[in-house]
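Morning, everyone. Let's get the structure up on the screen, and then I'll walk you through it.

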Amino acid sequence: MINDYQTYNSKILKIENEGSESKTFTLSLSYPDFSFEPGQYVMVSLPGFGESPISLTSYFNEKKFIQLTIRKVGILTSAIHELKKGDMIGIRGPYGNSFPIGIAKGKNVLIVAGGIAIEPVRPIILDAVNNPGKYKKVFIFYGCRDESALIYKKEYPAWQKVCDLSLALDNPTTKKFTKGVVTALFDVKDIPADSIAYVCGPPVMYKFVLAKMMEKGFNPENIYVSLERHMDCGQGICQHCAIGTKYVCKDGPIFSYAELMNFKTWLSAI
Amino acid sequence: MNKTQFNKFVEYLLKKDNVFAPQRNVEGKLIIGPLKNAKDLYLGAELPLDSWKWYMIPPYQKMFDYKGDKMIETLPEANKQIFLGVSILDMQALTLLNQIFEQDPYYQEIKKKTIIIGTSHVPEDNFSEYFAEFEENKLEHLQFDIFLAVLGNDFKLYTGSEDGQRFLDDFGYKNYKHIEYAGPIREEGLDPQMVSVMDGMQNYHDQKIWDDLGKRCIQCGKCTIACPTCFCFRIFDKAHLQRGTGERDRCWDTCFYNEFTQTAGVAPDAPKHKMMNTTAQKIYFWYEHHFVRTPATFSLPGCVECGRCTRACPADIDVFQTQRDILAARTKGKKK
């Protein structure tokens, strides 16, 4: 019988530092026909250190490697940060649904992210960069604690050729950045309210960002949110990630805001 | 099947495989355990303290052995086992677990070596009342191998699988009827009580019910252990003393514990987001799982109304009373 808990090894091809706390790992495919959609995640593991869900962050049409950006926050991620090029990482998946990017073709796109949570939306940014003209205009709102925490910094010039990138920092040192949380960017830049929005951030961010977007006249059906939850199985069984009648691991992690409004417990339990 | 024949049948089972059955322990409490002697078997309306899930999804289960970076699948070394005297309520619970773990190789490894012999006994204070009176047509929505319908001092026998038929044929008993499993959903549709409680929780939310329960519940998690349909688990690695070797295991988890929804871990400045922070939120989650999520996903009641959680609760939280409160809030809400 197929064992869905079986991990497959991926070789580390490259390690890059991202900001002060994160690293981007470029990995070989864990099995030959591995493919994924933007917004999906894999269960990442190291024998002896357990498993954790991590979003795939590379371009989804790239068939030679995958990338994961991992912040050092716990036992497993600390152990992964010790790894060297050539070491193996266990992967199972990909799991979950994906950002519906087909509907955004020819339309304005807004990407809102906070901190490390820019990771799951990077495949969409890379899609825009690789296919100029696919989307009408792509706006990126990215908020971070400080300049040292910004990730994918090296890629910003390439992104900016196609996308309109706005950055907000809690404590900016130069005029390049807007002071405040990512919500502040909505008052600096006018975004067409008919844009398709892809949002990912810590739970605290959603409350304020979504309220702001409602205020600016966005349609809840055009806002897609990626949720983070504790997950053990990745297959909708173990119950850790459940909200209402759905499982974030299987029915998510991407939900439209319109859908989430039906669940009393998505942002915080009752 | 009369008493004498039945006793012979139990003797036959004991000789064949390991039999697990309800019996009294030294304290006089009704438990499930390996049956050594036919005379120890308890068949009656009282439900054993534990449920059969202990044998189907053991509290602690090895999933993989690892050596270096290789993960090697280790399926449970399950012996053939016979569950004798499974109440029809517990059969409903096992039918649900069969659906939930249909893709799980560990569960299936145990299931394919297990023979389930059910009975029509139900406790007197059964809230759902659906199984209070046994009717033959109720059996086609339950998964079992052999079923003993209580008829006075005798049993009427049914089989629900080829394994069950083979067992009775080999024993030399022919007077049984075969019932083919027709899926979990009954002809008359979804269980009306299940639908009402689900509707009450989803559409007539009464915060007072949950705030009150939140004040009483002590988050001990005993209900999750007692419940025949609580199956949450966590997966973790255990290193062995020899460097580079160990195992990946899973064990029961409970939604009442703080780590259940916590993301990220032990690093001192790690952002420890938790989705459930109060007792009321946790107990709501437990009820939501049983009375909303499971019915919505499997069209089956997530609670078989066995009352084990009530029996185990040190804070006297009564699952039947909570359902009455939910239904009352619904009735009140509908009037408005």
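In chain A, the C-alpha centres of domain 1 and domain 2 lie 23 Å apart. Bear in mind that this is a predicted model. Domain 1 of chain A runs 8–95, and domain 2 runs 102–226. How many residues does each domain of chain A put into the contact? Domain 1 of chain A gives 15 residues, and domain 2 of chain A gives 15 residues. Look at the domain 1 side of that contact in chain A. By class, there are 4 nonpolar, 8 polar and 3 charged residues there.

Now chain B. Here too there is a domain 1, 3–178, and a domain 2, 192–335. Taken over C-alpha atoms, the two centres in chain B are 26 Å apart. The contact involves 29 residues of domain 1 of chain B and 22 residues of domain 2 of chain B. Which elements of domain 1 of chain B give two or more residues to that side? They are strand E3 (60–67) and helix H3 (88–100) of chain B. The side of domain 1 of chain B that touches domain 2 divides into 16 nonpolar, 7 polar and 6 charged residues.

Next, chain B as a whole. There are 11 helices and 11 strands. Along the principal axes, the C-alpha atoms of chain B fill a box of roughly 70 × 65 × 40 Å. The radius of gyration of chain B is 22 Å; for 336 residues, a compact globule would come out near 20 Å, so the value agrees. Of the 336 residues of chain B, 40% count as buried. Take the contacts in chain B with a separation of 6 or more: 66% of them come from residues 24 or more positions apart.

On to the interface between the chains. In contact are 35 residues of chain A and 41 residues of chain B. On the chain A side, the elements giving two or more residues are strand E4 (50–55), helix H1 (75–81) and strand E6 (88–95) of chain A. That side of chain A has 14 nonpolar, 14 polar and 7 charged residues.

Let's zoom in on one helix. Helix H1 of chain B covers residues 3–16, which is 14 residues. From its first C-alpha to its last, H1(B) reaches 20 Å, close to the 20 Å expected at 1.5 Å a residue. B:Phe9, B:Val10 and B:Leu13 are buried in H1(B). As background, an α-helix has 3.6 residues a turn, so residues three or four places apart point the same way. Turned away from the buried side of H1(B) is a face with the exposed residues B:Thr4, B:Glu11 and B:Lys15. And what covers the buried residues of H1(B)? The cover includes strand E1 (18–24), strand E5 (81–87) and helix H5 (162–171) of chain B.

Last stop, a single residue. B:Glu288 lies in helix H9 of chain B, residues 279–298. Is B:Glu288 buried or exposed? B:Glu288 is buried, because 25 other C-beta atoms lie within 10 Å, and the cut-off for buried is 20 or more. Leaving out residues up to four places away in sequence, B:Glu288 touches B:Met201 and B:Arg293. B:Gln202 is 86 residues from B:Glu288 in sequence, yet the C-alpha to C-alpha distance is 8.9 Å.

Note on methods
Residues numbered from 1 in each chain as written. Chains lettered and ligands numbered in written order. Predicted model: local features only at pLDDT ≥ 70, side-chain atom pairs only at ≥ 80, totals over all residues. Domains from an automatic or database assignment. Contact = placed C-beta atoms within 7 Å. Helix = DSSP H or I, 4+ residues; strand = E, 2+ residues; numbered from the N terminus. Nonpolar A, V, L, I, M, F, W, Y, C, P; charged D, E, K, R; others polar. Rg over C-alpha atoms; globule rule 2.2 N^0.38 Å. Buried ≥ 20, exposed ≤ 12 C-beta atoms within 10 Å, placed from the backbone. Expected span 1.5 Å × (residues − 1).
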